[in-house]
Amino acid sequence: TTEIYTLSLHDALPILGPSLTVEQFKTAAMTYLRMQPKLYECNPYSVVGGLRLGAQLGLSLGPLGHFYLVPFKGEAVFILGYRGMVELAYRSGMVRRVTASVVRAGDDFTFRYGTRAVLDHLPAGPSGEREWVAVYAVAELTNGGKPFTVLYPEDVEKRRARSASASLPSSPWNTDTEAMWCKSAVRALQRWLPQTVESARAVTQDEAPVGATEDDVTSEGGDE
């Protein structure tokens, strides 16, 4: 199995996106696999398919949190991370800034949609153990637009419930919960952001089993 990963990673290196070097991606991938040993119990071609998808999108595993691979019923599930979604938004060239934040009980938080839209968040202090009451994402576009969206806990829970792997301990919904709340807000904001082929593909594949086969992985220059 390890040999399949090593050989397939070698084949995938020529398709790396512009933001990653060969060594960065290879090192991050092999380190991630060592830290997630249950992935070795999955269909190896599914795992490699997820790694190839990440490579094609120019996203990295590991500390950057661009994307995750989570084992689910013998297949690898590709999960786009908060930072990965933001990274893809920047690549359109029409987004100056994207931020997302969780609102906690006690924070001074107001917003209004419509022709006089406004959003203002003043944290009450250190986050501590205060209850999470909302999450928002806001973007600054090169044309001057500043779209934003706000989600409440029930909105985030609906998104979590649609994730096949959310109940697993290794799911980022459980290991990086705040980041996944922020990702939910950024994903809800997508309809107001300029889209690229990369971002559209990533959203389509997000939180779904990769489903790669041996033919997919070994075909020269083929897409998943």
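**Helix packing and loop residues in a predicted model**

The crossing of α2 and α3 is right-handed. In this predicted model, the axes of the two helices come within 12 Å and cross at roughly 145°. From α2, the residues F25, A29 and L33 take part in the contact. From α3, the partners are V47, L51, G54 and A55. Sorted by class, the contact of α2 with α3 holds 6 nonpolar residues, 1 polar residue and no charged residues.

Helix α2 itself covers residues 22-35, which is 14 residues. From its first C-alpha to its last, α2 reaches 20 Å. That is close to the 20 Å expected at 1.5 Å a residue. The buried residues of α2 are F25, A28, A29, M30, Y32 and L33. F25, A29 and L33 are buried, and these residues of α2 also make the contact with α3.

The whole protein gives the setting. The chain forms 9 helices and 8 strands. Of its 224 residues, 46% are buried. Contacts between residues at least 6 apart in sequence were also examined. Among these contacts, 65% join residues at least 24 apart.

The axes of α3 (residues 44-57) and α8 (residues 197-205) come within 10 Å and cross at roughly 155°. Angles over 145° count as roughly antiparallel, so α3 is roughly antiparallel to α8. The crossing of α3 with α8 is left-handed, whereas that of α2 with α3 is right-handed. In α3, the residues L53, Q56 and L57 meet α8. On the α8 side stand E198, R201, A202 and Q205. By class, this contact divides into 3 nonpolar, 2 polar and 2 charged residues.

E198 is found in helix α8. Its relative accessible area is 23%, so E198 is partly exposed. The C-alpha atoms of E198 and L57 are separated by 6.1 Å. Along the chain, E198 and L57 are 141 residues apart. Leaving aside neighbours within four places in sequence, E198 is in contact with Q56, L57, L88 and R91. Of these, Q56 and L57 belong to the α3 side of the contact with α8.

R91, a partner of E198, sits in the loop between α4 and β3 (95-104). R91 is partly exposed, with a relative accessible area of 23%. The C-alpha atoms of R91 and P194 are separated by 9.6 Å. These two residues are 103 residues apart along the chain.

Helix α4 (residues 82-90) also packs against another helix, α7 (residues 177-189). Their axes lie 8 Å apart, at an angle of about 30°. Y82, M85 and V86 of α4 make the contact with A179, C182, K183, V186 and R187 of α7. By class, the contact of α4 with α7 has 6 nonpolar residues, no polar residues and 2 charged residues.

The loop between β1 and β2 was examined next. K73 is placed in this loop. Its relative accessibility is 75%, so K73 counts as exposed. The phi of K73 is near 50°, a positive value in a residue other than glycine. Most residues other than glycine have a negative phi.

G74 lies in the loop between β1 (67-72) and β2 (75-80) as well. G74 is partly exposed, at a relative accessible area of 33%. K73, by contrast, is exposed. The C-alpha atoms of G74 and K38 are separated by 9.3 Å. In sequence, G74 and K38 are 36 residues apart.

A166 is another loop residue. A166 is found between α5 (153-161) and α6 (172-175). At 4% relative accessibility, A166 counts as buried. Beyond four places in sequence, A166 touches R160, S171, W173 and N174. The C-alpha atoms of A166 and F72 are separated by 9.8 Å. Along the chain, A166 and F72 are 94 residues apart.

Terms used: Residues numbered from 1 in each chain as written. Predicted model: local features only at pLDDT ≥ 70, side-chain atom pairs only at ≥ 80, totals over all residues. Heavy atoms only, no water. Axes fitted to C-alpha atoms, helices over the stretch in contact; angles between N-to-C directions. Helix = DSSP H or I, 4+ residues; strand = E, 2+ residues; numbered from the N terminus. Parallel < 35°, antiparallel > 145°, perpendicular 65-115°, else oblique. Left-handed = near helix turned anticlockwise from the far one by under 90°. Contact = heavy atoms within 4.5 Å. Nonpolar A, V, L, I, M, F, W, Y, C, P; charged D, E, K, R; others polar. Expected span 1.5 Å × (residues − 1). Buried < 20%, exposed > 50% of the residue type's maximum accessible area, 1.4 Å probe, protein only.
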